[in-house]
Each structure stands twice: as C-alpha cells, then as structure tokens.
Amino acid sequence: MKIVVIGGTGLIGSKLVNKLREHGHEAVAAAPNTGVNTLTGEGLAEVLKGASVVVDVSNSPSWDDAAVLNFFVTSTRNLLSYEAAAGVGHHVALSVVGTQLLAESGYFRAKIAQEKLIKESSIPYSIVHATQFFEFLKGLADISMVGDKVHLPPVLF
Ligand SMILES: NC(=O)c1ccc[n+]([C@@H]2O[C@H](COP(=O)([O-])OP(=O)(O)OC[C@H]3O[C@@H](n4cnc5c(N)ncnc54)[C@H](OP(=O)(O)O)[C@@H]3O)[C@@H](O)[C@H]2O)c1
C-alpha cells in the first residue's frame, strides 16, 4: 500500500518510514527537502497520487505561539484538501497525550486546532496521542539547568 509520511525525514518520521518499508509498504517520505511543502502546497498533488494513507508527523520549525498555530492550521488545511482531491482513504496524525488539557500552551493550542480540523474533515482519521519521545530527555535537562544542577519539577518523568 502507498503510504505518504508528511515529515518523513524528521525524528519520528524517518523511523516510521523504515518500519513501514520493513512491513512491505511503499512508504514515501514527504518534506520540504524532498520537494513537498504543506504550507505552500508545493509537490502535494504529485506525492499523493495513488496514496491510500497519509501519516502526518510534521512539526513546525518555530514554536512561537503565532508561528506554530499558523503552521498546524495552514498545513493541515492544505493537506486535508489535497487528500480529498486525491481520494486518500485515511489520515493519521501524531499528537501528544493530554493535548486537550493544555490550552495555556501555544504549542498545544496549535495541536488542538490541528485535531479539530482533522475531526471536521470528510476523511476517515486516526489521531495517535503519544507521550514525549525519549529523545526529548536531553532537551528537558538542558532547559532545567540552574548553575551546574538539573532542577526538575516534582512530577513523574
Ligand atoms: N517530540 C515528541 O516528544 C512528540 C511526542 C508526541 C507527539 N509528537 C508529534 O510528532 C510530530 C513530529 O515530531 P518530531 O519531533 O519527529 O519532529 P521533527 O523531528 O522536528 O521533524 C519535523 C518534520 O516536519 C517536516 N516539515 C517541516 N515543515 C514542513 C512543511 N512545511 N511541509 C512538510 N513537512 C515539513 C520536517 O522536514 P524538514 O526536515 O525538511 O524541515 C521534518 O521532516 C509533531 O507533530 C509532534 O507534535 C512529538
């Protein structure tokens, strides 16, 4: 089955493309550096030709409140409309556990908006709520440094 992975060159996307290929699927990595841009629509019609499923594991290059909201709203709108035109049968998106409860965060407001657009579209969908990837650990430690010590909040990690 042809499966287009939007963000297929990223942290989770590159692992996903490999796993799908191991399972015998025709997995296509779609990202700006492979000529597909969901913000502008560049390359979308071509890459979606003959695709049964689209998995969206793209991420915004900027996490500023306005930029990240614009990224997820514009790219999801474009993607869903090109998918409908191409007859894609299923849209899968990766989101984060607890997204609906975290509206005070600009990043999560953008993920909530992404999920709303997907739920309102005509395309059958699955939204996967994953916990933070293990690879985030170093970044979390880096932003929690006070002097030469890592100060973590008193919550489960
Ligand atoms: N990180 C976590 O702990 C975590 C946990 C749960 C869910 N998630 C979700 O998982 C998704 C992927 O996260 P990640 O950490 O794997 O992201 P990442 O490593 O930053 O990869 C982002 C991907 O998106 C692509 N991209 C950026 N702008 C694009 C555009 N305009 N059009 C098409 N593709 C574009 C990038 O392509 P280029 O390299 O060419 O720019 C790259 O392939 C996100 O939606 C995030 O919310 C993440």
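The ligand is surrounded by 27 residues, the closest being Thr-9, Leu-11, Tyr-107, Lys-111 and Phe-133. A residue counts as near when one of its heavy atoms lies within 4 Å of the molecule. This is a predicted model: local features need pLDDT of at least 70, side-chain atom pairs count only at pLDDT 80 or more, and totals for chains, interfaces and linings use all residues. Residues are numbered from 1 along each chain as its sequence is written, and side-chain values use heavy atoms, with hydrogens and water left out.

**Ligand contacts**

The table lists polar contacts, meaning pairs of N or O atoms within 3.5 Å; within protein, one must be able to donate a hydrogen and the other to accept it, and residues adjacent in sequence count only if both atoms are side-chain atoms.

| Residue | Protein atom | Distance to a ligand oxygen atom |
|---|---|---|
| Thr-9 | polar side-chain atom | 2.7 Å |
| Gln-132 | side-chain N or O atom | 3.0 Å |
| Phe-133 | backbone N or O atom | 2.7 Å |

Taken alone, the ligand exposes 930 Å², and the protein buries 84% of that. Areas come from the Shrake-Rupley method with a 1.4 Å probe; for residues, only the protein chains shown count as cover.

**The shell**

S4 supplies the largest share, three residues. Helices (H or I, at least four residues) and strands (E, at least two) are DSSP runs, numbered from the N terminus. By class, the shell holds 15 nonpolar, 11 polar and one charged residues. Here Ala, Val, Leu, Ile, Met, Phe, Trp, Tyr, Cys and Pro count as nonpolar, Asp, Glu, Lys and Arg as charged, and the others, Gly among them, as polar.

**Three further residues**

Asn-37 sits in the loop between strand S2 (26-30) and helix H2 (44-48). Its relative accessibility is 19%, so Asn-37 counts as buried. Buried means under 20% relative accessible area, exposed over 50%, and partly exposed in between (1.4 Å probe, protein chains only). A polar side-chain atom of Asn-37 lies 2.8 Å from the backbone nitrogen of Leu-39.

Ala-66 belongs to helix H3. Ala-66 counts as exposed because its relative accessibility is 61%. From Asn-18, Ala-66 is 48 residues away in sequence and 33 Å away in space, C-alpha to C-alpha.

Ser-126 is part of strand S5 (residues 125-130). With 29% relative accessibility, Ser-126 counts as partly exposed. Its C-alpha atom is 9.9 Å from that of Glu-115, 11 residues apart along the chain.
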